[in-house]
Amino acid sequence: MGRPDDASARLREALATANVVAAEDTRRTKALAASLGVEITGRIVSYYDQVEAARAPKLVAEIGAGARVLLVTDAGMPSVSDPGYRLVVACADEGLRITCLPGPSAVTTALALSAMPSERFAFDGFAPRKPGARHDWLSSLRTEQRTVVFFESPHRLAQTLADAAQVLGDDRRAAVCRELTKTYEEVRRGGLGELAQWAVDGVRGEITVVVAGAAAVDETASIDDLVVQAQASADRGVRLKDACADAAAGTSFSKRDVYQAVLAARE
């Protein structure tokens, strides 16, 4: 995933001795082997998302016949938001031996560097691309008390962080981890609103985002009670949006829910 000197002796041996190396990007795998001073003697085949389903059966057949197949992906753990899941399932169904050569993982590395609780966490893969689906997904995190880790592409990061700030709150703690275990590794920590503003200028590289879990939720609060609370604060001179945010804090409702309910009540 990152620096060649993080590669284990087991990986070096596997690259040198595998009968088949199934690589997400054959050029990157060859470059990895060269940087490790390893000669790949087996056959190298491409194995990426678009060909995974078609090529898995042949690889399973070769493994069943006694071949050693090494699966290598570009920037993460194979089968974790990377190619490999179908091959692992197919091998398991056939009762074939499967092992993993542990290496850097963006999920656990980001979690360790985020300075957030890690006793319980959830990994959500890549954030949804479409705005509606992304909003629904973020809404599901309002009451999630576990730390949440997800991947995002550089060109969508600013919008995703802005959406997260709107749904989860500007002050919800988060960390954006870039190029983990690589030369230009960077970790930015702060509130979602602050990080969204930082990302507007553009961010490059492989991105992993960590978002703090929600505080314990008051399940007894009703939207009507929150409307009364927000309206009372507004009557005392508090800006309505701030009053709605204060009322929604610690509940399963968002500040937007309360704001719209106050407007409806006023009508």
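Three aromatic pairs are counted in this predicted model. One of them joins Phe123 and Phe151, whose ring centres are 5.1 Å apart. The angle between the two planes is 65°, and the pair is edge-to-face. Phe123 belongs to strand 4 (residues 121-126) and Phe151 to strand 5 (residues 147-152).

Phe151, at 12%, counts as buried, because buried means under 20% relative accessible area.

Phe151 also pairs with Phe126: the centres of these rings lie 5.4 Å apart and the planes meet at 70°, so this pair is edge-to-face. The cut-off behind that label is an angle over 60 degrees. Phe126 is in strand 4 and Phe151 in strand 5, 25 residues apart, and this pair too links distant parts of the chain. Phe126 counts as partly exposed, with a relative accessibility of 45%.

The accessibility values of these residues are listed here.

| Residue | Relative accessibility | Class |
|---|---|---|
| Phe126 | 45% | partly exposed |
| Phe151 | 12% | buried |

Taken together, Phe123, Phe126 and Phe151 form a cluster linked by ring pairs. Phe151 takes part in the pair with Phe123 and in the pair with Phe126.

A contact of another kind involves a charge and a ring. Lys241 lies over the face of Tyr259, and its distance from the ring centre is 5.8 Å. This value is within the 6 Å cut-off for a charge over a ring.

Notes
Residues are numbered from 1 along each chain as its sequence is written. This is a predicted model: local features need pLDDT of at least 70, side-chain atom pairs count only at pLDDT 80 or more; totals for chains, interfaces and linings use all residues. Side-chain values use heavy atoms; hydrogens and water are left out. Rings of Phe, Tyr and Trp (its six-membered ring) pair if their centres lie within 6.5 Å; planes under 30 degrees apart count as stacked, over 60 as edge-to-face and the rest as tilted. Helices (H or I, at least four residues) and strands (E, at least two) are DSSP runs, numbered from the N terminus. Buried means under 20% relative accessible area, exposed over 50%, partly exposed in between (1.4 Å probe, protein chains only). A charge sits over a ring if NZ of Lys or CZ of Arg is within 6 Å of the ring centre and within 35 degrees of the ring normal.
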